[in-house]
Amino acid sequence: MPHPLRSFTRMTLFTVVICSAGVMVTLADAGEDNTLSGSFFPYDSFERLPSTRIEVDGRALSVAFGPGDLGMSRATVLAWVNRCATAVATYFGRLPAPTARLLIVPTAGTGVRGGTTWGYRGAASRILLGREATERQLEQDWVLVHELTHQGFPIVPDEQHWLEEGLATYVEPIARRQIGDLSDEKVWGDLVAGLPKGLPGPGDRGLNRTPTWGRTYWGGAMFYLLADIEIRRRTDNHQGLQDALGALVAAGGNITHRWPVERVLATADGGTGTHVLEEMYDRMKETPETVDLPELWRRLGVVMQGKTVGFDDEAPLASIRRAITATPAGGLVRARMPAAPSASRSR
Ligand SMILES: [Zn+2]
């Protein structure tokens, strides 16, 4: 997720990564050299930790904590995880993967210090959570929803990494908006501020061939915003990117699989009966396509008012703008967890 205060790296082999902290935390009582914050997900160690299941219609996210204290109760952290799972489930219509793991690793500092997602032995995300983090910081955090969004997209070849990061960048604030945790002003204001970083610069060779930070995160996000608008335009605003992604995860397209990009996009397009994603990918993959963003905001009815945005509901694409962030007609898809966290698989 592109944030001016954070840096990002790409790791190799079945990993999709955002990472900002390099503190090493070990599972002290495991009697083994097993790093909880290294380059790979500690699947075996995770299985030995007590975990709490967060469920949505038979799909489950198992949450475990690494050793160490936090400045708040685990129940508070689990409530936050449950909220983030609800955001992602509401956007995708279900949890992105049938079973998934989430490891919370207490680490030095404050706030959410980093997040990483893997899929090579099952969907798994890890959050490095500062020991001094506050409840307020969790409420404002974007990293966990970003990581859980990664679980809802197959691993694609490195040159299409922008499809993975662009998706998480675009979907995260919308998913949080749809459950009422962000305002429309925040969502569109951040897009107005961020998307210029995704425009092609001199020497750009298209999204597949320009793996810069700006093009990967914000160029990818711009691709999905344009796709969302185009799907809605072609379907008389009855369907959007959300329907495409719902179809993708319903067909098993999640981070535990490595699919060719053509299969990913065709499966997603199948959810809307269009070929918008396939067509846009063909157009933008090797050609720098610039976008007149001020004109796009004008058509959507996003109006800059100093440092904040307002809305023009008479704009030609105003109904599409509203539909993008609207809570789905079926309402929230709520994640649930046991009333009291239950321990399982203790050593
Ligand atoms: Zn990411």
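**Figure 1. Overview of the predicted model.** The protein chain has 12 helices and eight strands. The structure shown is a predicted model. Of its 347 residues, 48% count as buried. Contacts in the protein chain that link residues at least 6 apart in sequence include 66% that join residues at least 24 apart.

Figure 2. Strand S2 covers residues 51–56 and strand S3 covers residues 59–65. The two strands run antiparallel and are joined by six bridges. Thr52 stands opposite Val63 of S3, and Ile54 stands opposite Leu61 of S3. S3 is mostly covered, with six of its seven residues buried.

**Figure 3. Asp57 in the turn of the hairpin.** Two residues lie between the strands in the hairpin of S2 and S3. Asp57 is located in the loop between S2 and S3. Its phi is positive, about 50°, although Asp57 is not a glycine.

**Figure 4. Strand S3 beside strand S4.** S3 also pairs with strand S4, residues 99–107. This pairing is in the parallel sense and runs over six bridges, whereas S3 and S2 run antiparallel. Val63 has Leu102 as its bridge partner in S4, and Val63 of S3 also stands opposite Thr52.

**Figure 5. Helix H2 across helix H5.** Helix H2 spans residues 74–92 and helix H5 spans residues 161–178. Their axes come within 8 Å and cross at roughly 100°. H2 and H5 are therefore roughly perpendicular to each other, because angles of 65 to 115 degrees are placed in that class. From H2, the contact takes in Ala87, Val88, Thr90 and Tyr91. From H5, it takes in Val171, Ile174, Ala175, Arg176 and Gln178. By class, the contact of H2 with H5 has six nonpolar, two polar and one charged residues.

**Figure 6. Helix H2 against helix H4.** Helix H4 is made up of residues 143–150. The axes of H2 and H4 come within 9 Å, with a crossing angle of roughly 50°. H2 and H4 are therefore oblique to each other. The crossing of H2 past H4 is right-handed. On the H2 side, Val81, Cys84, Ala85, Ala87 and Val88 take part. They meet Leu144, Val145, Leu148 and Thr149 in H4. Eight residues of this contact are nonpolar, one is polar and none is charged. Ala87 and Val88 of H2 meet residues of H4 here, and Ala87 and Val88 are also among the residues of H2 that meet H5.

**Figure 7. Arg48 and Ala64.** Arg48 lies in helix H1, which consists of residues 43–48. With 17 other C-beta atoms within 10 Å, Arg48 is partly exposed. Arg48 and Ala64 are 16 residues apart in sequence. From C-alpha to C-alpha, the two residues are 9.5 Å apart in space.

**Figure 8. Pro260 and Ile155.** Pro260 is found in the loop between helix H8 (241–250) and helix H9 (261–270). Along the chain, Pro260 and Ile155 are 105 residues apart. Their C-alpha atoms are separated by 8.4 Å. Pro260 is exposed, because 12 other C-beta atoms lie within 10 Å and a residue with 12 or fewer is placed in that class.

**Figure 9. Asp236 in the loop between helices H7 and H8.** Helix H7 spans 213–234, and Asp236 lies in the loop between H7 and H8. Asp236 has a positive phi, near 55°, and is a residue other than glycine. Asp57, in the hairpin of S2 and S3, likewise takes a positive phi, near 50°.

How values were computed
Residues numbered from 1 in each chain as written. Predicted model: local features only at pLDDT ≥ 70, side-chain atom pairs only at ≥ 80, totals over all residues. Axes fitted to C-alpha atoms, helices over the stretch in contact; angles between N-to-C directions. Helix = DSSP H or I, 4+ residues; strand = E, 2+ residues; numbered from the N terminus. Parallel < 35°, antiparallel > 145°, perpendicular 65-115°, else oblique. Contact = placed C-beta atoms within 7 Å. Nonpolar A, V, L, I, M, F, W, Y, C, P; charged D, E, K, R; others polar. Buried ≥ 20, exposed ≤ 12 C-beta atoms within 10 Å, placed from the backbone. Left-handed = near helix turned anticlockwise from the far one by under 90°. Pairing = 2+ DSSP bridges.
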